[in-house]
Amino acid sequence: MAGSTFPKGGIHPEEHKELTEHLAIEQMPVPDQVVLPLSMHFGAPAKPVVKKKQEVQEGDVIATVEKALGATIHSSVSGTVKAIETRPHPTMVRCDAVIIDRDPSAAPRQYESDDWRKLTREQLLARVKDAGIVGLGGAGFPTHVKLSPPPSAKIDTLILNGAECEPYLTTDHRIMLELPEKVVEGTKILLKILGIKQAVIGIELNKPDAINVMSKVAQQSSGSDDLGVRVQGMQVKYPQGSEKQLIFSLTNRAVPGGGLPFDVGVIVQNISTTLAVFEAATMQKPLYEKVVTFSGRAIKRQANLQVKVGTVLSDVVNYLGGTEDLLKIVSGGPMMGFAMSTLDVPITKTTSGVLFLNSQETNVDPHGPCINCGWCIKACPMGLAPKEIGIYVEAGKGHLTEKFGVFDCFECGCCAYVCPAKRPMVQFARLAKIAIKKHG
Amino acid sequence: MWTVSASLIPAMLLSIYVFGLRGLLITLVSMISCMAVEAISQKALGRPVSVSDGSAALTGILMAFVIPPGVPYWLPIVGAVAAIFINKELMGGLGFNIWNPALVGRALLMAAFPVYMTAAWIPPIDWSKSAVDVYISGGLDAVSTATPLQVLKQYGLSAFTQQFGNLSTVYQNFFIGIKPGCIGETSALLILAGGLFMMIRGIITWHIPVSTIATVAVLSWIFGGETWFSGQPLVHVLSGGLMLGAFYMATDYVTSPTQKAAQIVFGIGVGALTLLIRLKGGYPEGVAYSILLMNCLTPSLEEWFRPKRFALPKQAPVAATK
């Protein structure tokens, strides 16, 4: 199988997936305290509906977003609200959070399943909304909003993103291997909500076991209804899992600059999100735990852990035996993730992995000037000239870079990866976007 | 950049065989003075000293490779000041220079010391006649020759074949590098090998060298002879600094464009200007000036040839205000 791919740019970073790809998903013991940030989604921060010292049960709503774009937040443990105060946040640096002390005597909450096929589209969509599900690939866009495209959009295809093209990360891989029935069933729930018939699950060819299992399960379930789910292998190339590249790879449709997938009739969902949709639609279980890859060579034991949202990193590090020669902590993958300055950061709904990198795996050398080699231009999957953006930003003229298409940049980091001068290209692009917005 | 320097070692070794140790010594003086000028000017300008990146060393080697082997030892030091201090550090340092530093060095020396730069040639050592002492003192007293392009320009093709042998001998000697010329530019074979090595390593692509050399070949065939379409393309391709210029100077990242189409236009420009100077200009050789002139166009070529976007924008972006 040759595998489909996107038309330009892209890189082949070392995968490092061997550290965790063969490790089964493992349940991490519930921590004594969770920190639940009020911003774990794209949109307005949620407003707390609980008070200090109030008792809450696992799965109870603790914060909601009423009118604006956002998602409901649920308690991931049973216990008492200790405080509502500012805490470190993986991408926002600091953010208000609800802190809950666990009641050690409380038993884990049980959920009963019913038959989702008897529910209407509206009922299913309401369950997704009530569960507080957001896109778990990293952007955190509220899923119930994504599943309600404007009537003008003619959606015909659902795409499931099983590329997992970021090095190190193996959560979607393990979920597809261990819970393929739930993923396929979740896909069908999504199809019913969208009122369409066909879904494609795109998986990179470096996960042949997942391609096998998912194809088999998709085939077995195909007789039961008229909803078609098929699996397609894709070339191993970063950023195969980026939305626009993925859509092109699987459908040959190019999303225009500034456009959204529904402009070309497509909706994309992440594997973990689909699993959450399955649990919400069949058991009305809110999203408050998820599978996260903890990897990198600086942590004693690597693992794919099912953790409660709100678990702070220091608890995970203790559970995994501590660190050695730790140089950098990254929330997310090494290409697009954010560096952390403290272990007090909690796992949020959108955390797909946390990497503990040692001095062999990362470097903190200073960067040099641009020598115009043009390698970033060759690597850019959007066909931009990243070097120009960097030079403009360094010269204090970041606000003039819109004509270079800086808003097409989704910060995949290919340019920074190939740069021989180790220039922080992604940071330059972020600064350019901020400068343009500031300039009005 | 140390890799690029390493790929020039074979050409350096051949130069020792052809011109004696003097070529090596001039090259060392040039390299060390470029590194020293960079370190001193960076210190003076309050910048971090970046001599270890190999950029100044490479400039020094390339500058020596395009000056005659018989020049006095202090000459490259003057060139280094022009190449590194004026052209590079005063422009803002690595990445901000408009012109190729090695060629700026050569251009300044050509303008300021034309006698040395156009007459300090050494004939290739004839190993069947010479003793080892000639090899060691190589060239100190042997400055009575002319480069093939000088002969071709002043006396025509018949005088050229009289001095350098019939055309097949010329092709063979020139291809290997047995001819008078600048220190490192004589051997097409070894420069080609170095260029291929850089292509395999992904340091350069074929676009600039091939378009440059092809343009010189085609134009010299059309315009280089007594009548139209009677020129000798191989004589022009194998003579002077064309091979070195096409593979090592015109491909300099900082001063050449990044897009393939722009690189081909750049190469055609270098080739056409080279031949214009060689056939109609006052100098017998024009590779250095051609590249420097095309360097001026690089920013515009970057502007005219944009990379192809993944998809066009939904609406045209609002024009950025200047």
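Set aside neighbours within four places in sequence, and Cys373(A) is left touching Pro420(A) and Tyr253(B), where contact is taken as C-beta atoms, placed from the backbone, lying within 7 Å. The model is a predicted one, so local features need pLDDT of at least 70 and side-chain atom pairs count only at pLDDT 80 or more, while totals for chains, interfaces and linings use all residues. Residues are numbered from 1 along each chain as its sequence is written, with chains lettered from A and ligands numbered from 1 in the order in which they are written.

Cys373(A) sits in the loop between strand E17 (353-358) and helix H9 of chain A; helices (H or I, at least four residues) and strands (E, at least two) are DSSP runs, numbered from the N terminus. With 19 other C-beta atoms within 10 Å, Cys373(A) comes out as partly exposed. On this scale 20 or more such atoms make a residue buried, 12 or fewer make it exposed, and anything in between is partly exposed, with C-beta atoms placed from the backbone.

UniProt, in an unreviewed entry, lists Cys373(A) under "binding site" along with Cys370(A), Cys376(A) and Cys419(A). These four span 50 residues in sequence, but no two of their C-alpha atoms are more than 10.5 Å apart, so they gather at one spot. Such positions are given in the numbering used here with feature names shortened, and the annotations may be inferred rather than shown by experiment. Cys419(A) belongs to the loop between H11 and helix H12 (425-439) of chain A and is buried, having 22 other C-beta atoms within 10 Å. Beyond four places in sequence, Cys419(A) contacts Trp375(A), Cys376(A) and Met425(A).

Another "binding site" annotation from the unreviewed UniProt entry covers Cys380(A), Cys409(A), Cys412(A) and Cys415(A). Here the span is 36 residues in sequence, yet no two C-alpha atoms of the group are more than 10.7 Å apart, so these residues also gather at one spot. Cys380(A) lies in the loop between helix H9 (375-379) and helix H10 (386-394) of chain A, and its 27 C-beta neighbours inside 10 Å make it buried. Away from its neighbours within four places in sequence, Cys380(A) meets Gly9(A), Pro386(A), Cys414(A) and Cys415(A). Cys409(A) is found in the loop between H10 and helix H11 (414-418) of chain A. Cys409(A) is buried too, with 23 other C-beta atoms within 10 Å, and, residues up to four places away not counted, touches Met382(A), Leu384(A) and Ala429(A).

Elsewhere in chain A, four strands make an open antiparallel sheet in the order E2-E8-E7-E4, strands being paired if DSSP finds at least two bridges between them. Strand E2 (33-37) and strand E4 (55-56) are at the edges with a single partner strand each, so one side of each has no neighbour in the sheet. Two bridges connect E4(A) to strand E7 (residues 79-89), and Val56(A) has Gly79(A) as its bridge partner in E7(A).

Back to the chain contact: 18 residues of chain B meet 25 residues of chain A. The chain B side divides into eleven nonpolar, four polar and three charged residues; Ala, Val, Leu, Ile, Met, Phe, Trp, Tyr, Cys and Pro count as nonpolar, Asp, Glu, Lys and Arg as charged, and the others, Gly among them, as polar.

Note on methods. Two residues are in contact if their C-beta atoms, placed from the backbone, lie within 7 Å.
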